[in-house]
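This report looks at a single model and describes its strands and its aromatic rings.

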Amino acid sequence: MDLENTIVVCITDKTGCEMFKNYIHKDYLESAKRDLQNHLDAAKKDPEYYHFLDVPTARIEIKKL
């Protein structure tokens, strides 16, 4: 794994838990963000299905490894 170019992308909320966590190469960041945004959009439409996520405070978090 090329740690210099690895980025961690996940969804987090007020609890600080990291959900849908992915380790990706920096070239795939936009794709990973779109995928997580789709999860957030689905959570807004069906919050009961995403009961483990605090939808109002949920956000995409990006960290360099």
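## Sheet and helix

The model is predicted. Three strands form an open sheet in the order S2-S1-S3, with antiparallel pairing. S2 and S3 are the edge strands, each with a single partner, so one side of each has no neighbour in the sheet. Ignoring direction, neighbouring strands are turned by 20 degrees against each other on average.

Strand S1, residues 6-12, pairs with S2 over six bridges in the antiparallel sense. Ile11 stands opposite Met19 in S2. Helix H1 packs on this sheet and touches S1, S2 and S3. The direction of H1 makes about 10 degrees with that of S1.

## Aromatic pairs

Four aromatic pairs are found in a search of the whole structure. One of them joins Phe20 and Tyr50: the ring centres are 6.5 Å apart and the planes stand at 50 degrees, so the pair counts as tilted. Phe20 belongs to strand S2 (residues 18-25), while Tyr50 is in the loop between helix H1 (29-45) and strand S3 (59-64), so the pair ties together parts 30 residues apart in sequence.

Tyr50 also pairs with Tyr49. That pair is edge-to-face, with 5.4 Å from centre to centre and 75 degrees between the planes. Ring pairs link Phe20, Tyr49, Tyr50 and Phe52 into a cluster.

## Accessibility of the rings

Phe20, at 30%, counts as partly exposed. Tyr49, at 59%, counts as exposed.

How values were computed: Residues are numbered from 1 along each chain as its sequence is written. This is a predicted model: local features need pLDDT of at least 70, side-chain atom pairs count only at pLDDT 80 or more; totals for chains, interfaces and linings use all residues. Side-chain values use heavy atoms; hydrogens and water are left out. Rings of Phe, Tyr and Trp (its six-membered ring) pair if their centres lie within 6.5 Å; planes under 30 degrees apart count as stacked, over 60 as edge-to-face and the rest as tilted. Helices (H or I, at least four residues) and strands (E, at least two) are DSSP runs, numbered from the N terminus. Buried means under 20% relative accessible area, exposed over 50%, partly exposed in between (1.4 Å probe, protein chains only). Two strands pair if DSSP finds at least two bridges between them. Axes are lines fitted to C-alpha atoms, for helices over the stretch in contact, and angles run from 0 to 180 degrees between N-to-C directions. Contact means heavy atoms within 4.5 Å.
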